[in-house]
Amino acid sequence: MTKRVVLIGHPVAHSLSGAMQQAAFDDQGIDATYELWDRPPIGLADAVNELRSDDFLGANVTIPHKERMVPLVDRLTEDAHITGAVNTITKEGKRLIGHNTDVPGFRVALDKLVGKQKMPRLAVVLGAGGGARAVVHGLIVEGFQRIIVFNRHLHRAEALVKHFGRSAAHMELRAMPWHESIIEAELAKTKVLINATSIGLTSDETPVAGELMPPELLVLDLIYNRTRFLREAEAAGATVLDGELMLLHQGAAAFTLWTGKPAPLELMQKKLHEARAGGLRSAEGEPAGDNGSAGPTDGAAGATDGTAGPAAEGEPSGAAASD
Ligand code: NDP
């Protein structure tokens with residue numbers, strides 16, 4: 001029987017994850033289809049119950065449902081429990097297991113961004129949704145000693161900080177109100193800046209203007225595209241990276257959880273690039289325009305620091321890093 005894997009989100013149209021995962025199933029001889037389910041929050045519980053039928057191998061979960069999914073599954077793995085966010089579901093019989101593969105995906109991206117430098121200890125995170133939770137957990141595990149979280153709705157950033165309570169007890173994790181002057185003061189003290197908001201996803205806006213960024217920052221946007229945020233950061237002298245590598249590696253980890261097989265990374269990255277070239281959007285809703293993926297680039301030098309390496313490592317293929 002052909003098995004089904006679904007992406008549950010709102011919206012999910014034109015998923016890049018679909019192209020990447022279906023190609024991986026076909027390549028590995030897995031008899032499965034990857035479907036997109038656009039379900040508003042009110043339809044989430046019913047969607048989750050459907051997954052319990054034998055047809056389903058599992059699911060991905062995306063914006064805006066990752067936190068809402070936590071109480072709806074039967075068991076959480078450690079990363080899902082610690083983050084309070086689920087982006088992948090597997091099955092044990094009819095039981096649903098919630099995982100968070102954004103965490104390993106983020107850690108690959110962070111390693112790439114930092115490159116050969118010593119891992120920094122100070123970070124500013126913009127956003128406090130499901131993606132931001134994976135980021136904060138990844139930073140804590142990497143040994144960061146000070147993480148400041150800014151969010152439009154401060155209470156959500158405060159809830160995130162409270163959630164991490166014990167795992168962040170040895171370091172400073174703080175929520176701060178979204179005021180330009182406070183953000184600027186914190187950026188002057190930090191080394192790593194991460195956009196985990198969806199600002200820039202569907203419009204050419206940036207959560208933080210480049211003029212607030214000191215030179216030599218390491219800047220990651222979870223959004224897949226070469227956003228205004230990244231372009232302005234690069235102009236300010238930052239080294240920048242977009243969300244493609246995280247998307248690829250969270251998807252690869254999910255594939256392995258569903259199938260028990262190693263993911264065909266090079267193929268999955270190729271399919272991501274093809275889907276972007278075809279004008280699709282990613283499962284997470286990232287615009288897949290022709291601006292190309294970003295870096296990491298050394299903004300000071302105005303050139304990418306990567307060469308055309310193996311696709312599986314997510315190396316950029318040229319100065320513009322276009323697909
Ligand atoms: P959520 O819906 O859980 O969170 C959205 C976040 O964006 C919240 O912090 C929200 O703030 C903020 N936000 C949205 N609109 C605005 C606005 N107009 N002004 C200020 N803040 C705003 O989404 P996720 O955390 O799941 O995803 C966030 C982003 O990260 C998305 O762009 C997604 O594509 C990307 N992502 C990429 C991944 C990858 O693999 N590359 C993996 C995970 C996420 P508030 O709480 O105040 O509403």
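**Notes on a predicted protein–ligand model**

1. Let's begin with how the chain is put together: residues 24 or more positions apart make up 68% of the contacts in the protein chain with a separation of 6 or more, a contact being heavy atoms within 4.5 Å. Before you go on, keep in mind that this is a predicted model, where local features need pLDDT of at least 70, side-chain atom pairs count only at pLDDT 80 or more, and totals for chains, interfaces and linings use all residues. Residues are numbered from 1 along each chain as its sequence is written, and side-chain values use heavy atoms, with hydrogens and water left out.

2. On the overall make-up, the protein chain has 10 helices and 14 strands. Both are DSSP runs numbered from the N terminus, with helices (H or I) of at least four residues and strands (E) of at least two. Of the 323 residues, 54% count as buried, that is, under 20% relative accessible area, against over 50% for exposed and partly exposed in between (1.4 Å probe, protein chains only). The accessible surface of the protein chain is about 13,000 Å², and carbon and sulfur atoms own 51% of that. Such areas come from the Shrake-Rupley method with a 1.4 Å probe; for residues, only the protein chains shown count as cover.

3. Now for the sheet. Six strands form an open sheet with mixed pairing, in the order S2-S1-S3-S5-S6-S4; two strands pair if DSSP finds at least two bridges between them. At the edges you'll find strand S2 (32-38) and strand S4 (75-76), each pairing on one side only.

4. On one hand, S3 pairs with S1 in the parallel sense over five bridges, and Arg4 stands opposite Phe56 in S3. On the other, S3 (residues 56-61) runs antiparallel to S5 (residues 88-92), with three bridges between them; Asn60 has Thr88 in S5 as its bridge partner. S3 is also mostly covered, with six of its six residues buried.

5. Helix H1 (residues 16-27) lies across strand S1 (3-9), S2 and S3, and runs at about 165 degrees to S2. For that angle, axes are lines fitted to C-alpha atoms, for helices over the stretch in contact, and angles run from 0 to 180 degrees between N-to-C directions.

6. A few backbone spots deserve a look. Most residues other than glycine have a negative phi, and most peptide bonds are trans. Here, the His10 to Pro11 peptide bond is cis, with omega near 5 degrees, and Pro11 sits in the loop between S1 and H1. Another cis bond joins Ile63 and Pro64, with omega about 5 degrees; Pro64 is in the loop between S3 and S4. Glu216 has a positive phi, near 75 degrees, and is in the loop between strand S10 (192-195) and strand S11 (218-221). Glu216 is exposed, at 59% relative accessible area.

7. Finally, the ligand. It is surrounded by 27 residues, the closest being Gly131, Asn151, Arg152, His153 and Arg156; a residue counts as near if one of its heavy atoms lies within 4 Å. A polar side-chain atom of Arg152 is 2.8 Å from a ligand oxygen atom. Backbone N or O atoms come in too: one of Leu222 lies 2.9 Å from a ligand nitrogen atom, and one of Leu247 lies 3.2 Å from a ligand oxygen atom. The protein covers 87% of the 910 Å² of accessible area that the ligand has on its own.

Note on methods: A polar contact is a pair of N or O atoms within 3.5 Å; within protein, one must be able to donate a hydrogen and the other to accept it, and residues adjacent in sequence count only if both atoms are side-chain atoms.
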